[in-house]
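Look at the model first, then read on.

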Amino acid sequence: MILIIMLLLPLITALVSGLFAQKRVNEIITVTGSSVLFVLAVWAAHAVLNAPQHILIALPGWIALGPAGAVILVLISLIALLSSIYSIGYMRYDTNSPRTFHVNFNLFVFALAAIPLSINLGMVWIAVEMTTLFSVLLVGFDNTPSALEAAWKYMVLTMMGAALALFGILLLYWGARHANMGAFTWSGLVTAAPSMPPVLITAAFIMLLVGLGTKIGLVPMHTWLPDAHSQAPTPVCALLSGIETTAVLYVLLRVLAVVHASNSVHASNWLLGFGLLSLGVPAFLLLQVKDYKRMLAFSTVEHMGIILIALGLGGSAANQAAFMQIIGHAVTKSFWFFAAGSVLLVTNTREIASVHGLIKRSPGAGIAMLTGGLAIAGAPPFILFFSEFSILKAGLLQSHYLVMGLTVSFIAVAFFAIMNHVSRMVFGGDPDRSGERLPGSVWLTLVLAIIPVIVLGLYIPDALHRLVELAATIIGG
Amino acid sequence: MSHLIPVIKSLNALTGGLFIITAFGVVAARQVRSGLKFFIFQSLCLASSAFLLGIAPFSPHLFAVGTINLVTKVWLLPWLLIRMMPRTTYTRREIKQVVNIPTSLMIALILTVFAYFVSLPWVHAMADNGVARINVPIGLAGMLIGAYTLTTRREAIPQVMGLLTMENSAFFAGVAIAPDLPVIAELSLAFDVLLFAFIVGLVTRSVHENTGGTFVGHLNDLREDPSK
């Protein structure tokens with residue numbers, strides 16, 4: 001029941017905010033809706049831990065929530081809540097219709113929440129498509145030529161990926177029908193996998209890897225990502241970069257479970273290959289990036305690469321590390337985007353070269369940008385340091401020396417590139433003008449968003465640890 | 001109805017042949033309007049394959065897929081594309097493309113042969129002697145050709161044609177390999193609704209307002225350009 005409420009809540013919030021044209025009313029509705037969703041998601045995650053077989057079923061064969069889905073759902077609702085608070089201050093002077101923004105924002109959250117809540121592959125595909133539909137309108141929200149260019153690229157490339165993923169899903173269905181599977185769900189497929197022809201599973205996996213990879217932003221299908229993730233309004237960027245990519249990655253992860261269950265197909269090399277490429281290429285592009293929101297977007301591609309490498313290593317230690325990396329990336333990247341958005345509010349430019357002396361101009365934005373940069377680049381004591389460290393450890397224990405060597409060097413290049421840009425923005429030179437004040441809600445979001453980034457680095461609650469352990473067993477391998 | 005099956009199989013094979021020809025047509029079309037015509041014919045082939053395979057064994061899902069295709073892609077979408085787009089889009093002029101047409105056709109041919117050899121092991125592994133032998137290789141070939149068209153065209157409508165060719169191809173294989181998938185009709189509907197929303201909604205119209213055409217090739221402000 002709670003699952004169905006969680007699915008309907010953002011939809012209802014979208015409908016209600018569509019009824020009102022006043023900005024203030026819309027903001028209250030969205031923030032209230034997101035807060036309730038967050039509370040429900042945490043509650044559901046708790047219920048998953050205590051449920052028999054760790055799964056909540058609302059509608060057998062269609063809607064259910066397991067541990068892996070619960071992790072993603074909590075992240076979605078957390079970032080949606082933070083973004084909705086952030087958008088109050090950030091969109092203060094925006095002249096576009098607040099109604100359009102809030103309706104689309106809530107619909108986007110609805111589509112995102114539908115991904116972990118659906119277990120039927122067809123519905124999952126439709127949910128992934130809906131995230132494209134609702135977010136493309138938000139990417140083009142500013143209605144400038146470059147925002148529309150970003151929206152067009154985003155739409156064409158991700159729909160191309162979607163068509164390929166659809167072919168993969170149909171192939172999986174073909175194989176599963178051959179193996180007399182019951183319902184076309186994740187667990188049904190895992191059961192049917194051993195009796196499906198390996199060649200078919202391989203083909204379906206590659207199609208889904210490339211198709212979903214387009215949406216995740218894997219190199220070389222990533223070309224739309226820096227555009228879309230830099231042109232959208234910042235609260236949307238936080239959702240796009242922080243959680244949309246990982247929500248789609250979650251789908252790939254469930255496909256991976258099917259591949260592992262078949263016992264005769266090896267996905268490892270594909271994942272390591274795409275992972276290293278997605279880590280290495282943006283690491284070097286980060287060196288010469290000119291726009292700081294694009295820097296954040298390239299860093300997302302790079303982190304997707306790291307997660308893929310962890311999944312490619314396989315084994316329960318690496319799988320757990322991959323989940324920690326997913327959580328760490330989601331909370332850190334959304335925080336860093338909020339920080340970058342406040343820099344944009346203060347300076348009104350996205351060019352790295354024209355931002356100087358942030359620390360004097362606006363200490364809040366400066367410190368946030370610096371902390372975010374350090375946290376995302378993988379400096380201790382933040383959460384990403386520990387998850388990257390566990391990936392490294394798992395890789396070395398499995399004697400993947402070459403892969404780990406490359407991973408570490410690429411992460412080092414990215415670290416250098418990010419800190420080089422960030423330190424220039426924060427410390428370099430004197431500010432042109434003394435700063436504007438950040439709105440209160442932006443401050444509030446920055447303070448709230450940094451809590452998980454720091455706390456999870458130092459201490460992981462027992463419940464979260466158990467949830468991650470359970471989630472990792474789902475992938476198998 | 002079992003005596004009908006051989007007839008259905010042959011008719012389906014004929015549809016498959018016509019389907020792949022229309023995919024080549026979309027690649028070869030020099031003008032926007034002729035590309036659109038090939039696409040309409042292609043959707044018609046997909047709809048007939050869905051209807052044929054839905055007869056025996058009877059499948060209401062496939063009839064739904066066929067009907068959705070007739071309504072949305074043979075009638076609604078072309079009508080919308082012609083209504084929404086400015087007249088200049090359809091004037092007699094050559095579509096700008098990266099690779100010239102003879103070379104493109106050669107590549108499409110190579111892709112088709114490639115798709116055939118890639119998908120043959122799947123059909124063998126499934127021990128499927130039915131319609132999948134026709135539909136899966138053709139579906140995969142159409143998929144690759146659509147992706148190729150999409151990447152080499154520089155205008156909005158030809159790009160959408162490439163995208164739709166990919167979708168049509170996925171479903172051309174789908175009607176043969178997943179005829180009893182309960183959500184197959186919804187999948188088909190979802191993709192089309194999505195595309196309608198894009199086209200009717202913001203993107204294309206605003207691209208036109210802001211850049212004065214549906215030529216998306218010169219939308220290239222966003223890139224890593226050191227000189228900028």
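A residue counts as buried when its relative accessible area is under 20%. Keep in mind that this model is predicted.

Q: Why is B:C45 called buried?
A: The relative accessible area of B:C45 is 4%. The cut-off for buried is under 20%. The value of 4% is under that cut-off, so B:C45 is buried.

Q: What makes A:C237 count as buried?
A: The relative accessibility of A:C237 is 0%. Buried means under 20%, so A:C237 passes the test.

Q: How many disulfides are found over all chains?
A: A search of the whole structure gives 0. A disulfide needs a pair of cysteine sulfur atoms within 2.5 Å.

Q: What share of the residues in chain A is buried?
A: Chain A has 477 residues, and 66% of them are buried.

Q: Which helices and strands does chain A have, by number?
A: Chain A holds 19 helices and 2 strands.

Q: Why is chain A called as compact as a globular protein of its length?
A: Its radius of gyration is 21 Å. For 477 residues, the globule rule gives 23 Å. The two values are close, so chain A is as compact as a globular protein of that length. Its C-alpha atoms fill a box of roughly 70 × 55 × 45 Å along the principal axes.

Q: What part of the accessible surface of chain A belongs to carbon and sulfur atoms?
A: The accessible surface comes to about 15,200 Å², and carbon and sulfur atoms account for 69% of that surface.

Terms used
Residues are numbered from 1 along each chain as its sequence is written. Chains are lettered from A and ligands numbered from 1 in the order in which they are written. This is a predicted model: local features need pLDDT of at least 70, side-chain atom pairs count only at pLDDT 80 or more; totals for chains, interfaces and linings use all residues. Side-chain values use heavy atoms; hydrogens and water are left out. Buried means under 20% relative accessible area, exposed over 50%, partly exposed in between (1.4 Å probe, protein chains only). Helices (H or I, at least four residues) and strands (E, at least two) are DSSP runs, numbered from the N terminus. The radius of gyration is taken over C-alpha atoms; the globule rule is 2.2 Å times the number of residues to the power 0.38. Accessible areas come from the Shrake-Rupley method with a 1.4 Å probe; for residues, only the protein chains shown count as cover.
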